[in-house]
Amino acid sequence: MARRIVLDLDLCCGCRSCEAACKVAFKGESRIRHGDIESVAYLPLACKHCKEALCLSSCPVEAITRDEKTGLVIRSSFKCIGCKSCALACPFGVIDAPLVRHISQKCNLCRDREQGPRCVAACSSGALQFLEEEEIKKLEIGARMVSKDAFVRRR
Amino acid sequence: MVKKGVSVAIKTLCPFCGFGCELGIVFDDFGIKGVEYLKDTPNQGRLCPRGSASVLYLNHPKRLCVPVVDGKYQDWKFIRKEFKNILQGPDTVAVTVDRNVTIEEESAILDFCEKFKIKNIASTYFEPEALLNRFIDEKAPAGLEDIEKSEIIIVFGDVFNYAPMISKNLINWKFTDRKHRLVVIDSLTNHTSYFATDFLMVKPGTEALISLKLGGENLPNIKFSDITGVPEEVVENIGKAFSSSQDGLIIVSMPFAHSYEPQLVFEGIRMLSGKSKKKVLPIFEFVHNNNFQSFSKILTLIRENKIKYLINFGEQFPFYYPQFSKELSGLKILAASTLRFRDYVQLPFALNIEKSGTILTSTGKKSLNAEIPPASGAKNVFEILDIQGIKTDGTKSVIRELKIDIKEGIKRIEKYIQDKGLKLFGEKISFYYLGLLEKPVLKMNPIDAGEIGIKSGDVVNIETKMGKTKLPVKITNEVPQGAVFTQPETPEVRGLFEYQTSSEFLNFIPTEVKIWQEE
């Protein structure tokens, strides 16, 4: 079953541990970024590995492919020519446009680490979680942001 | 030790703040590879940006590995001559101790000074948090479990930015019961304040008055509400609610140049904690076990030309404080430090992570086991002294009583806040650590920015009495009018702040600042 990174906005404290963890692991290329809606919320932006990935279809050299087993959208750094098409195509803005080493960077859910993504492990507030799709459906993640009641999620 | 393929993860204690998180450092054939997040630890593998970046610091390009004398590489034995010269006139020598020194090493330094009759020993760790060691109760230290028990928690400063590791416990505690009351006291809107039941946004720099009021100190002849911007009754009510609650906790963090008279903030907290019999959880990056002398005294001796040599053990001094460069220019400086800087006599010093010994953390004493091999050439205090033929056992301990004059301190605060000009304050944000992950910015209120005519992202010139630099601007409503905030995490920014030596602790204070944009 595919597992994905989920963000619980209610918990995020904006410490950017996730970004630091990613940056250190991938030698200065942070593949998770942050947003800051001032006075409302902080949001780490991670690749959602979309079912219909626009970055995948926009890539002119087929550097971005889908791993059939896990459903991950993966970019090959050997094939990438650094044209930034994927960065422009991504509706969530999670592919970094400034090109480090002239290729685009993209989250691969830390395939090299058995225990799961580093950003989730590092997260100091527990806002980032690595969950099965079924578990995600059960949770009311980020309900506080919508309902404006701090206790909705913890009924 | 966790073996995985060809790489090995060594479990160690994060040295970059006093919270005491455990982490793994991964080595492979080519050296340090990265950080591993170990689940079976008190921090459940979670780390803040500083913890994740610890490998960047171990492999820092300026890491000092060979002794340097006046810019040239030298042998360790060469340094023996320097030490011989110095020890002939102990009255002309000052010994200073910065961060990144274990308790055993502190004792060894005291031992060394006693043997050679050196009387001038001071701490050069100038962050106000250095005074928080008084709140570490070795028998029953406050811990994360105390958060869960509490009904009311008073937080001084922004703990999420100082120790993000606390955020999970604090947010969960706040939202498990509607009765839980979180009081946050700070001079700018911070992360913790978004979760607070009561957020007392005090006028910049005046936290000390709030803390003294909470502690029950009489403050006659002071227009409390005018100076602090917080109604007196509100503070009194919180004080009463805290004292009458069954379980409560005070969490305190105080960044560099964030408030006037931080020692008074801590004094008020001590009074409140004593009166209400509640624990204090101090959040700090580093504290000394021994209360060394104040650096103010040594500074006076330097000004009187009585001191010729300065030996510093530790990480950052004098590299981190360019404002002292004029006064230190006449001295011969021997600095055992981790990073290379200037043309002093520099001795490569091991980081805490590379040593064995004891360090003080927010939750009591913890021991290091030296499983990380030190960078080639880096040595600890014992090894450095051993090369000079000086043997120490490291069993000395001196605790100095800190004299705090509340009345004098309040007078000084009243004097400071009379100046109406724009003031530069310090704030702590962990991802600005040493400028490794992010470069500092200048946070400014939209009204102040409008007056000067600058937009978010503009790079502006900043000048204070102490120095000048350039920083990009971030315009935000989080910052009050009349004050600008920056992160003193690099020497250039730290060098902007003024210091005052009138109290027993050398204080870096919010500083008057000129900001302009070049045409």
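## A tour of chains B and A

Select helix H7 of chain B, residues 167–176: B:Ser167, B:Lys168, B:Leu170, B:Ile171 and B:Lys174 are buried there. Buried means that 20 or more other C-beta atoms, placed from the backbone, lie within 10 Å of the residue's own; 12 or fewer make it exposed, and in between it is partly exposed. Helices (H or I, at least four residues) and strands (E, at least two) are DSSP runs, numbered from the N terminus.

The model is predicted: local features need pLDDT of at least 70 and side-chain atom pairs count only at pLDDT 80 or more, while totals for chains, interfaces and linings use all residues. Residues are numbered from 1 along each chain as its sequence is written, and chains are lettered from A and ligands numbered from 1 in the order in which they are written.

Contact means C-beta atoms, placed from the backbone, within 7 Å.

Next, show the sheet of chain B. Five strands run in the order E11-E10-E9-E12-E13, open and parallel. Strands E11 (198–201) and E13 (279–282) of chain B are at the edges; each has a single partner strand, so one side of each is left without a neighbour in the sheet. Neighbouring strands are turned by 15° against each other on average, direction ignored. Pairing requires at least two DSSP bridges between two strands.

Zoom in on E9 (residues 152–156) and E12 (residues 248–252) of chain B. They pair in the parallel sense over five bridges. Find B:Ile154; opposite stands B:Ile250 in E12(B).

H10(B) lies across E9, E10 (181–186), E11 and E12 of chain B, at about 130° to E9(B). Axes are lines fitted to C-alpha atoms, for helices over the stretch in contact; angles run from 0 to 180 degrees between N-to-C directions.

Switch to chain A and select H1, residues 17–25. Nine of its nine residues are buried, among them A:Cys18, A:Glu19 and A:Lys23. Just after H1(A), A:Lys27 takes a positive phi of about 50°.

Finish where the chains meet. 23 residues of chain A are in contact with 27 of chain B. H1(A) gives the most to chain A's side, with six residues.

The chain's mean is 77.

Definitions and conventions
Contact = placed C-beta atoms within 7 Å. pLDDT = per-residue confidence, 0-100.
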